[in-house]
Amino acid sequence: MTASGLRAVFLTERPMLLRLVTARLASPADAEDVLQDMWLRLETLATGPVAKPAAYLYQMANNLASDRRRSALRRTVRDDAWQGLQTTSEELPDAEAVLIARDRLAQVEAALAALPEKARRAFRMFRFEGISQKAIATEMDTSLSSVEKWLQLAYRAIHDAGRDTVAGIGSPRRPQHERLNPDESRQPN
């Protein structure tokens, strides 16, 4: 039987094919889509004579239904995975937390800006670029001890900026390298 003969058998067997595909997919709308796909394939099918046209059409319907079911399963898995990656409203910070974080970042940036250039540079290389302390010392042509001191100075400045925020002090503290020595702080006003 030729392609035009298959279309004639398809039209005769359509009600049974529809029941078969509906049972496989559990969706009349999807079953209609599968039969529409079948019809379009039969229109463009370049095949020779088919010995058992009804069996051929049932197999084709079964294969298309299986393909559609697998595709739907993959789509569901993909959509579930995508949905699982999306942030929920509970995971998003509230406006107050965002403002506090921005304020804290500005304080850290100000604390780092107040540091000597070498301390800032060493800190950025170590924390942001991931360069080892030894490599920083080599690149800056200085000792490892100096790099450690600069990093310690930077960490102290960041820590002090955070402590000021927690304590509620309105003005930032002077950086450690600008502080008075202990004897000067005890003098009467």
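Visitor: Is alanine 26 buried or exposed?
Guide: Alanine 26 lies in the loop between H1 and H2; helices (H or I, at least four residues) and strands (E, at least two) are DSSP runs, numbered from the N terminus. Buried means under 20% relative accessible area, exposed over 50%, and partly exposed in between (1.4 Å probe, protein chains only). At 68% relative accessibility, alanine 26 therefore counts as exposed.

Visitor: What pLDDT do local features need in this model?
Guide: Residues are numbered from 1 along each chain as its sequence is written, and side-chain values use heavy atoms, with hydrogens and water left out. This is a predicted model in which totals for chains, interfaces and linings use all residues, side-chain atom pairs count only at pLDDT 80 or more, and local features need pLDDT of at least 70.

Visitor: What is the phi of alanine 26?
Guide: Alanine 26 is a residue other than glycine, yet its phi is positive. The value is near 60 degrees.

Visitor: Where does aspartate 141 lie?
Guide: Aspartate 141 has a positive phi of about 55 degrees, although it is not a glycine. With a relative accessible area of 73%, aspartate 141 is exposed. Its place is in the loop between helix H6 (133–139) and helix H7 (144–167).

Visitor: How many helices does the chain have?
Guide: From the N terminus on, the elements run α-α-α-α-α-α-α-α. There are zero strands, and the helices come to eight.

Visitor: What percentage of the residues in the chain is buried?
Guide: The chain has 189 residues. Buried residues make up a share of 24%.

Visitor: At what angle do H2 and H3 pack?
Guide: Helix H2 covers residues 28–44 and helix H3 residues 53–85, and their axes are 10 Å apart. Axes are lines fitted to C-alpha atoms, for helices over the stretch in contact, and angles run from 0 to 180 degrees between N-to-C directions. The packing angle is about 125 degrees.

Visitor: Which word describes the direction of H2 and H3 to each other?
Guide: Angles under 35 degrees count as roughly parallel, over 145 as roughly antiparallel, 65 to 115 as roughly perpendicular and the rest as oblique. The angle of H2 and H3 is about 125 degrees. H2 and H3 are therefore oblique.

Visitor: How many charged residues does the contact of H2 with H3 have?
Guide: In H2, Asp30, Asp33, Val34, Asp37, Met38, Arg41 and Leu42 meet Leu57, Met60, Ala61, Leu64, Ala65 and Arg68 in H3, contact being heavy atoms within 4.5 Å. Ala, Val, Leu, Ile, Met, Phe, Trp, Tyr, Cys and Pro count as nonpolar, Asp, Glu, Lys and Arg as charged, and the others, Gly among them, as polar. The contact of H2 with H3 has eight nonpolar and no polar residues, while the charged residues number five.

Visitor: Which residues does arginine 7 contact, leaving aside its neighbours within four places in sequence?
Guide: Arginine 7 lies in helix H1. Beyond the neighbours within four places, the contacts of arginine 7 are Trp39, Leu42 and Glu43.

Visitor: How many aromatic pairs are there?
Guide: Rings of Phe, Tyr and Trp (its six-membered ring) pair if their centres lie within 6.5 Å; planes under 30 degrees apart count as stacked, over 60 as edge-to-face and the rest as tilted. By this rule the count comes to three.

Visitor: Which kind of pair do phenylalanine 10 and tryptophan 39 form?
Guide: Phenylalanine 10 lies in helix H1 (residues 3–25) and tryptophan 39 in helix H2, so the pair ties together parts that are 29 residues apart in sequence. Phenylalanine 10 is buried, with a relative accessible area of 2%, whereas tryptophan 39 is partly exposed at 25%. The ring centres are 5.5 Å apart and the planes at 40 degrees, so the pair is tilted.

Visitor: Which residues do ring pairs link into a cluster?
Guide: Phenylalanine 123 and phenylalanine 128 form an edge-to-face pair, 5.9 Å centre to centre and with 80 degrees between the planes. Phenylalanine 123 is buried at 6% relative accessible area, and phenylalanine 128 is exposed at 56%. The cluster linked by ring pairs consists of Phe123, Phe128 and Tyr155.

Visitor: Which residues does alanine 122 touch, not counting those up to four places away in sequence?
Guide: Alanine 122 is found in helix H5 (residues 117–127) and is buried, with a relative accessible area of 0%. Beyond four places in sequence, alanine 122 touches Ile136, Met140, Trp150 and Leu151.
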